[in-house]
Amino acid sequence: MTFDVQRKQLSIRQERAVLVSVSLPERPWLTTDPLEELSGLASTAGAAIVGSLLQKRHGIHPGTYIGQGKIEELKQLVEATDADVVLFDNDLSPGQIRRLEQAVKVKVLDRSELILDIFATRAQTHEARLQVELAQLEYALPRLRKMWSHLSRQVAGAASIGMRGPGETQLEVDRRLAATRIRDLKAKLSAIQKRREREVAARKGEHTISLVGYTNAGKSTLMNALTGADVLAKDQLFSTLDTRTRQWQIKDFGRVLLSDTVGFIRDLPHHLVASFKATLEETRQARLLIHVIDASNPVAEEQIHAVETVLKELGCGDRPSLLVLNKCDRVSDPSLLSALMNHHPKAVAVSAVTGKGLDELRDAVVEALTDQFVTAEITMPAADGRGQAWLGAHADIFRQQYVEDNVVIRCHLPKHLLPRLAGPGVTVKFLESVETARQSTPT
C-alpha cells in the first residue's frame, strides 16, 4: 500500500455546514452580512461552510421556527451541497430541532449548542473542562435525545438494586444520570470558586484590573503590550477561556495586577455564564474593568451593549470601568471612530499592535484608580482590635503608631469604605498624597 493511499484512508472529512439566520423584530440583523458572526463561529468549530439561507419573519413558526417553504428550500440546499449539519444563528426549542432534523435528514444545531461546542474544544485546564461540561449538561438536560454516549457505561445501573421499576425507560435513566453528574460538577466548581475567592481576597491590598470585552476584541494582545507577557493571542473567537493574571508596572504609580479572561458574545448561553463564575471571580472583584472594544467592527456599539449585559448578569455591572477602543489602526473610515469617541467621550483609542495610545491608556488607568481612593490618617482607640483588623484587610497601610490610648494609621483606602469607619473615638484626616503618608510620621 502506498503512502498516498494510506493518507487518503486516514483522512477525516471536514463537516460541511449550511448556515441559517432568521431576522425577527426583536432580534434584527445588525450588519449587511447577517452571517458574518455565525460564519466565524462555524469556522472556529471546524466546519466548512457550503451554503446559507436567510429569512425575515414577523414571528417564528412555533413548530419549526422557519416556514414550510423555507424548510423545503433548506432541504434542497442540504442535498445539493451534501451538507452534514445545519447551523442556526438563533436558539431553537427541542421540538423545533427534532422536526427540522426529520425534514432535512441531517443534524441541526442552534447558536447556543454551537457556542458550547466551541468552548468544549477550547477548554484546556481541568477547571475549564468542568465548566464547559456543566454548561452542556444543563443546556441539554431538557433537550435529551438519547445523546449521553459518555454516560452509556453507567446505563447498566438501570438493572441494579434501586434502579429497577415497571415505569423505567432509557430516557429517565439518562436524565437521572445527567442530573447526578450536574450535582457532582456543581459541587466541584463550588469548591474551586471558594478557593478562587480566597485567592482574590488575599490580594485586597493590590490594585486589580480585569480586561473584559467581546470575543476577539484584542484583550490578550493588549495584555501583552502593557505587561510584556507572552499570553496566547490569536485572531480567533474564544482563544482564551482561563483567567491569566500578570504584573503591570506603571511608571510613577506602581504595580497593578492585570487579568485577562474569556471573551463575551451576543446571546451568550446563560448556563455558560453561570458555570464560568469561578473563572470570572477576578472580574467580579476587580477595582477597575478595562472594557476592550474592536473599534474597527461596524457593530461595535451592539458589542458594547452585549458585554454590559453579561457583566450585569455576573453582578459586576456597577464596577468602575474604562472603555478602550482597540484596533484603531484598522479603522478604514475615520468617521466611525469619531462617532464612537463622541458617544463615549471618556474612551481611549489605542492599537495594541502598533502601541498607539498606550501612554494615554496608562494615564487614564492611573486617574481612574486614583479617583476611587483616598489617602488618610485615621485615629482610633488602641483597644479597638476589630476596627484595626478590618482596616488592615481593606486598606494599604503605610504607617502605624500608638499615641497614648490611640493608634494612628496612615493608609490608602477606597472612598466607598469611609462610612464604615464611623464610630466612637474614630477620626479621619485626609492627606494630600501617598508620598505624604509614607514620608511623614504621625504625631
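How many cavities of 30 Å³ or more does a search of the whole structure find? The search turns up three; a cavity here is a set of points on a 1 Å grid over the protein atoms alone where a 1.4 Å probe fits but cannot get out. This is a predicted model, in which local features need pLDDT of at least 70, side-chain atom pairs count only at pLDDT 80 or more, and totals for chains, interfaces and linings use all residues. Residues are numbered from 1 along each chain as its sequence is written, and side-chain values use heavy atoms, with hydrogens and water left out.

The largest cavity has a volume of about 60 Å³, taken as the space filled by probe spheres set on the points. Its lining (residues with an atom within 4 Å of a point) includes Phe119, Phe264, Phe276 and Val310. Nine of the lining residues are nonpolar, one is polar and none is charged; Gly counts as polar in this scheme.

Turning to the helices (DSSP runs of H or I, at least four residues), H13 covers residues 358-371. At 1.5 Å times one less than its number of residues, H13 should span 20 Å, which agrees with the 20 Å between its end C-alpha atoms. Leu358, Leu361, Ala364, Val365, Ala368 and Leu369 of H13 are buried, meaning under 20% relative accessible area with a 1.4 Å probe, protein chains only. These residues cover an arc of only 130° around the axis (from the directions to the C-beta atoms), so they sit on the same side of H13. On the other side, Asp359, Asp363 and Glu367 are exposed, that is, over 50%.

Terms used. Helices (H or I, at least four residues) and strands (E, at least two) are DSSP runs, numbered from the N terminus. On a 1 Å grid over the protein atoms alone, a cavity is a set of points where a 1.4 Å probe fits but cannot get out, and a pocket is an open set with protein on both sides within 12 Å along at least five of seven lines; lining residues have an atom within 4 Å of a point.
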